[in-house]
Amino acid sequence: MVDDLLRALVGEERRQVLARLRSEHPTAAVRTGELLTNAGAEERIRLRHSLLPVLAEADLVCWDRERDLVSRGPEFDAALPFLDLIEERESDSTTRNLPA
């Protein structure tokens, strides 16, 4: 379980999908086209064939392919502390790299 969770969190786009779902009501379902900002054709293909399958396999999302909807999966809450930590580290890294 932990390995699946950590593997699923690798990659900014996967974390962006989870952050988008986090911003919604816990029971809300989001259309796949609304999960990534500024997604072109290549990103939409990668979303359907790479990103969402990994997130669904780790039970972080529930993906209804027929209705083209994604919602929080049964293990979604387990990812939240890791997302917080990653976001904090990325924010610290960005702050440290700013010119004085």
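In this predicted model, begin where two helices touch: Glu13, Arg14, Val17 and Leu18 of α2 meet a set of residues in α3 that includes Glu43, Arg46, Leu47 and Ser50. Further along α3, Leu51, Leu52, Val54 and Leu55 also take part in this contact.

How do the two helices cross? Helix α2 covers residues 12-22 and helix α3 covers residues 41-57; their axes come within 10 Å and cross at roughly 75 degrees. Angles of 65 to 115 degrees count as roughly perpendicular, so α2 is described as roughly perpendicular to α3.

Stay with α2 for a moment and ask which of its residues are buried. They are Arg14, Arg15, Val17, Leu18 and Leu21. Looking down the axis of α2, you would find these buried residues within an arc of 155 degrees, so they line one face of the helix.

Now turn to the strands. Three of them form an open sheet in the order β1-β3-β2, and the pairing is antiparallel. Because β1 and β2 each have a single partner strand, they stand at the edges, and one side of each is left without a neighbour in the sheet. On average, neighbouring strands of this sheet are turned by 25 degrees against each other, direction ignored. In general, strands of a sheet pair through backbone hydrogen bonds, either parallel or antiparallel.

Let's follow each pairing in turn. Strand β1 (residues 29-31) pairs with strand β3 (residues 69-72) over three bridges, in the antiparallel sense. Here you can find Arg31 opposite Leu69 of β3. Strand β2 (residues 61-64) also pairs with β3 in the antiparallel sense, over four bridges. In this part of the sheet, Cys62 has Ser71 of β3 as its bridge partner, while Trp63 stands opposite Val70 of β3.

Strands β2 and β3 make a hairpin with four residues between the strands. Which residue of this hairpin takes a positive phi? That is Asp68, with a value near 60 degrees.

Helix α2 lies across β1, β2 and β3, and runs at about 75 degrees to β3. Helix α3 lies across β2 and β3, with an angle of about 130 degrees to β2.

Key. Residues numbered from 1 in each chain as written. Predicted model: local features only at pLDDT ≥ 70, side-chain atom pairs only at ≥ 80, totals over all residues. Heavy atoms only, no water. Axes fitted to C-alpha atoms, helices over the stretch in contact; angles between N-to-C directions. Parallel < 35°, antiparallel > 145°, perpendicular 65-115°, else oblique. Contact = heavy atoms within 4.5 Å. Pairing = 2+ DSSP bridges. Buried < 20%, exposed > 50% of the residue type's maximum accessible area, 1.4 Å probe, protein only. Arc of directions from axis to C-beta.
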